[in-house]
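This report describes one protein chain for a reader who is new to structural work. Please keep the sequence and the structure in view while reading.

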Amino acid sequence: MTTHSGSIRRFLLLQGPHGPFFDRLGRALRTAGHAVWRAGFNRGDSAFWSDRARYVPVTCTPADWPMVCAGLLDRLAITDIALYGDTRPIHAAAIAAARARGLRIHIFEEGYLRPYWVTYERDGANGHSRLMDLAIPDIAARLPGDAPPAAEAPAHWGDLRAHIFHGALYHGLVMLPSRLYRHYSPHRGLPVRAEFALYLRRLALLPIHAAARFAATRTIRGGGFPYHMVLLQLAHDANFRHHGPFARIEDFLALCIDGFARGAPSHHHLVFKAHPLEDGRSPLPRTIRALARAQGLAGRVHFVPGGKLALLLDGATSAVTVNSTAAQQALWRGLPLRAFGRAVYDKPELVSDQPLAEFFADPRPPDPAAYRLFRRFLLETSQVPGGFYSRRGRDQLMRLVVDMMLASIDPYDSHAARGAAQGQHLRLAG
């Protein structure tokens with residue numbers, strides 16, 4: 001770890017993951033001797049922040065936020081901003097103002113190797129990540145020759161239900177009438193009441209979805225047919241909307257079914273796997289059934305609601321996605337992968353560029369050695385063990401993430417510096 005700057009830093013935290021993670025992060029940064037404020041845009045942000053003296057309610061209109069943000073950074077003499085996701089409008093404006101002032105920008109995201117890790121980067125994530133400019137040979141040059149043991153995933157996954165619960169609670173709080181935050185506008189486009197209703201519906205339907213998932217998985221696993229996986233994302237997912245080529249998820253569904261109809265052998269099947277947090281705002285099963293019937297594929301196209309990927313990927317022939325992080329699970333298994341959006345793993349050694357019909361007919365596999373290098377580099381840099389939503393996940397995450405934020409350089413440069421130091425030590429020892 002690169003040494004920390006000795007001066008007191010002044011952090012402004014913007015919107016974080018649903019739940020108490022940013023509050024705990026702020027307390028840890030204060031314990032380390034730094035000043036921390038939270039900018040809150042609604043009742044949900046306010047409820048999950050305990051230091052009322054360092055809470056700044058943002059009451060302006062969205063159009064006025066860039067000017068208000070710039071004034072806030074200057075008035076508080078902020079040195080660092082931290083936020084979750086870099087594409088929502090309020091964050092994009094804050095990042096622009098911070099860059100203009102030469103401030104450090106700390107970005108949290110869901111893990112590129114989820115669900116057991118989260119992502120911490122500087123300046124940009126997903127399609128804005130520094131990883132986008134690093135080719136596999138560049139990554140190989142940054143890694144020392146001796147690989148450490150492979151990181152083991154935790155035995156349990158406890159974040160999903162906590163994620164849904166905190167999402168429902170957050171949107172319930174935002175839905176309460178508030179004159180103070182009357183100008184707040186959600187970044188996902190749906191009214192807050194609709195978001196809240198979808199979270200409650202998702203919670204209520206968990207048992208039904210589990211039963212449907214079990215039945216669909218049993219049919220696919222026991223069918224004795226080769227199948228290709230389509231890894232779906234949420235229609236409102238920022239990565240899908242901002243770093244993919246599709247205006248609507250229905251356009252991606254149609255492309256997949258058309259390519260499968262034109263290229264796949266007649267005994268192959270196609271499996272659409274929904275995101276674990278899919279809330280039904282897009283009628284995916286109905287749309288997929290209609291598209292399959294139109295192509296004469298009834299009986300060969302399946303839909304699986306949510307759940308984990310492992311059982312289905314273990315038997316799959318290939319995987320297709322826009323830019324889902326779940327694609328890393330396919331690459332880890334050596335499955336051929338076709339991706340259509342900007343993604344940190346979109347390297348020619350890993351992702352096929354075949355036309356989709358050709359891909360379904362004879363998919364080109366990834367280079368396994370290249371993926372091992374890429375995964376190792378992620379685990380040694382931007383992937384932090386733990387999670388945002390469960391208490392145990394936050395406990396694990398906090399052991400490392402504060403030191404990473406206080407380091408003078410970002411995880412990628414810090415890793416390169418360690419590698420150079422190790423190489424110099426080996427040369428001197430030799």
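## Enclosed spaces

A cavity is a set of grid points where a 1.4 Å probe fits but cannot get out. The model examined here is predicted. By this rule, it holds 2 cavities of 30 Å³ or more. The largest cavity has a volume of about 70 Å³. Its lining is formed by Gly16, Pro17, His18, Gly19, Phe22, Arg38, Gly44, Asp45, Phe48 and Tyr170. Sorted by class, this lining has 4 nonpolar, 4 polar and 2 charged residues.

The second largest cavity contains about 50 Å³ of space. Around it stand Tyr112, Asn126, Asn239, Asn323, Thr325, Gln328, Ala343, Val344 and Tyr345. The classes in this lining are 4 nonpolar, 5 polar and no charged residues.

## The chain as a whole

The secondary structure of the protein chain consists of 17 helices and 12 strands. Of the 430 residues in the chain, 52% are buried. Contacts between residues at least 6 apart in sequence can also be considered: 70% of these join residues at least 24 apart.

Helix H6 covers residues 159–175 and has 17 residues. From its first C-alpha to its last it reaches 24 Å, close to the 24 Å expected at 1.5 Å a residue. The buried residues of H6 are Asp159, Ala162, His163, Ile164, His166, Gly167, Ala168, Tyr170, His171, Gly172 and Val174. One of these, Tyr170, is also listed in the lining of the largest cavity.

Helix H10 has 15 residues, 249–263, and should span 21 Å at 1.5 Å a residue; its end C-alpha atoms are 21 Å apart, so the two values agree. Which residues of H10 are buried? They are Ile249, Glu250, Phe252, Leu253, Cys256, Ile257, Gly259, Phe260 and Gly263. An α-helix has 3.6 residues a turn, so residues three or four places apart point the same way. The buried residues of H10 are covered by elements that include strand S7 (227–231), helix H9 (238–242), strand S8 (269–273), helix H11 (284–294), strand S10 (318–321) and helix H14 (356–361).

Strand S10, which is among the elements covering H10, has side chains on two sides. Ser318 and Val320 point one way, Ala319 and Thr321 point the other way, and all are buried.

S10 runs parallel to S7, and 4 bridges join these strands. Within S10, Thr321 is the bridge partner of Leu231. S10 also pairs in the parallel sense with strand S11 (residues 337–339), over 3 bridges. In S11, the bridge partner of Thr321 is Ala339.

Val301 belongs to strand S9 (residues 301–304). Is Val301 buried or exposed? Its relative accessible area is 16%, and buried means under 20%, so Val301 counts as buried. Leaving aside residues up to four places away in sequence, Val301 touches Leu270, Phe272, Ile288 and Ala292. The C-alpha atoms of Val301 and His268 are separated by 9.4 Å, and these residues are 33 residues apart along the chain.

Asp74 is part of helix H3 (residues 65–75). Its relative accessible area is 48%, and therefore Asp74 is partly exposed. Along the chain, Asp74 and Ala98 are 24 residues apart, while their C-alpha atoms are separated by 9.9 Å.

Most residues other than glycine have a negative phi, and most peptide bonds are trans. A cis peptide bond joins Arg114 and Pro115, with omega at about 10°.

Ala77 has a positive phi, near 50°. Because its relative accessibility is 42%, Ala77 counts as partly exposed. Asp123 likewise has a positive phi, near 75°. Asp123 counts as partly exposed because its relative accessibility is 35%.

How values were computed: Residues are numbered from 1 along each chain as its sequence is written. This is a predicted model: local features need pLDDT of at least 70, side-chain atom pairs count only at pLDDT 80 or more; totals for chains, interfaces and linings use all residues. Side-chain values use heavy atoms; hydrogens and water are left out. On a 1 Å grid over the protein atoms alone, a cavity is a set of points where a 1.4 Å probe fits but cannot get out, and a pocket is an open set with protein on both sides within 12 Å along at least five of seven lines; lining residues have an atom within 4 Å of a point. Grid points are joined across faces, edges and corners, and a volume is the space filled by probe spheres set on the points. Ala, Val, Leu, Ile, Met, Phe, Trp, Tyr, Cys and Pro count as nonpolar, Asp, Glu, Lys and Arg as charged, and the others, Gly among them, as polar. The expected span of a helix is 1.5 Å times one less than its number of residues. Buried means under 20% relative accessible area, exposed over 50%, partly exposed in between (1.4 Å probe, protein chains only). Contact means heavy atoms within 4.5 Å. Two strands pair if DSSP finds at least two bridges between them.
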